[in-house]
Amino acid sequence: MSNVIIYLNGVEPYLKQWFINEHGGNDPVNLVRGSAESNILKLFLKKRPDDVLPESPLPDALAIFAPSFKKQDPRTYNYLPHSAKVALHQCIKNRFDVQMWHDLHKFGNVGKQNDELVYAWMEAHGIELSERNWNAIVKRY
């Protein structure tokens with residue numbers, strides 16, 4: 001683990017809460033070696049160009065510790081281009097969708113009202129029980 005942090009701005013609140021919970025509840029997040037997210041960073045982290053200043057994180061940004069890779073010290077390789085940040089965000093969304101579908105599709109035919117089922121799933125995955133989060137998750141489902 002390094003002390004270098006990669007910030008991902010624009011991550012939806014429910015997605016950020018889920019991702020932090022999935023990685024042990026620590027903020028900044030320590031990625032699992034070999035995970036899809038870790039592999040994206042391994043592939044796309046590079047030296048910061050001289051003409052690019054460090055990006056200021058927004059208050060609600062998702063913070064991720066830059067992992068150390070062989071021949072890639074995070075003190076040097078800590079710049080993630082915009083397109084790679086978009087790919088990382090999409091990867092997190094895809095993993096969320098897969099887990100949500102895997103967990104909830106079994107109950108899809110049990111009545112039309114799944115309000116409490118979604119709230120229970122949110123609670124089990126560290127997502128704040130708010131109407132805003134619920135609406136966003138139900139739309140994704």
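**Side-chain pairs and a packed helix**

Tutor: Start with D73, which is partly exposed, its relative accessibility being 29%. Its side chain meets that of R75 in a salt bridge, with 2.5 Å from N to O. R75 itself is exposed, at 66% relative accessibility. These values, like the others below, come from a predicted model.

The protein has 141 residues, and 40% of them are buried. Its elements are five helices and four strands, and from the N terminus on they run β-α-α-β-β-β-α-α-α. The C-alpha trace spans about 55 × 30 × 25 Å along its principal axes. Taking the contacts with a separation of 6 or more, 75% are made by residues 24 or more positions apart.

Now back to the charged pairs. The structure holds four salt bridges, and the R75 pair with D73 is one of them. Another joins E12 and K93, whose closest N and O atoms are 3.3 Å apart. E12 lies in the loop between β1 (5-8) and α1, while K93 belongs to helix α3 (residues 82-104), so this bridge ties together parts that are 81 residues apart in sequence. How exposed or buried are its two ends? E12, at 21% relative accessibility, counts as partly exposed. K93, at 17%, falls under the 20% cut-off and therefore counts as buried.

A further salt bridge is formed by the side chains of R140 and D97, at 2.7 Å from N to O. R140 sits in helix α5 (residues 131-140) and D97 in helix α3, so the pair ties together parts that are 43 residues apart in sequence. Both ends are partly exposed: R140 has a relative accessible area of 30%, and D97 is at 23%.

How far is α1 enclosed by the rest of the structure? Seven of its ten residues are buried, so α1 is largely enclosed. The buried ones are Y14, L15, K16, Q17, W18, F19 and I20. After α1 comes G24, which has a positive phi, near 95 degrees.

Y14, W18 and F19 belong to one aromatic cluster together with F96 and W121. The whole structure has six aromatic pairs. In one of them, Y119 and W134, the ring centres are 6.0 Å apart and the planes lie at 20 degrees, so the pair counts as stacked. Y119 is in helix α4 and W134 in helix α5, 15 residues apart, and the pair links distant parts of the chain. W134 is buried, at a relative accessible area of 17%, whereas Y119 is partly exposed at 25%.

The peptide bond joining D27 and P28 is cis, with omega about 10 degrees. P28 is placed in the loop between α1 (13-22) and α2 (36-44). K71 is not a glycine, yet it has a positive phi of about 65 degrees. K71 is found in the loop between β3 (62-65) and β4 (77-79), and it is exposed, at a relative accessible area of 76%.

Note on methods. Residues are numbered from 1 along each chain as its sequence is written. This is a predicted model: local features need pLDDT of at least 70, side-chain atom pairs count only at pLDDT 80 or more; totals for chains, interfaces and linings use all residues. Side-chain values use heavy atoms; hydrogens and water are left out. Helices (H or I, at least four residues) and strands (E, at least two) are DSSP runs, numbered from the N terminus. Buried means under 20% relative accessible area, exposed over 50%, partly exposed in between (1.4 Å probe, protein chains only). Rings of Phe, Tyr and Trp (its six-membered ring) pair if their centres lie within 6.5 Å; planes under 30 degrees apart count as stacked, over 60 as edge-to-face and the rest as tilted. Contact means heavy atoms within 4.5 Å.
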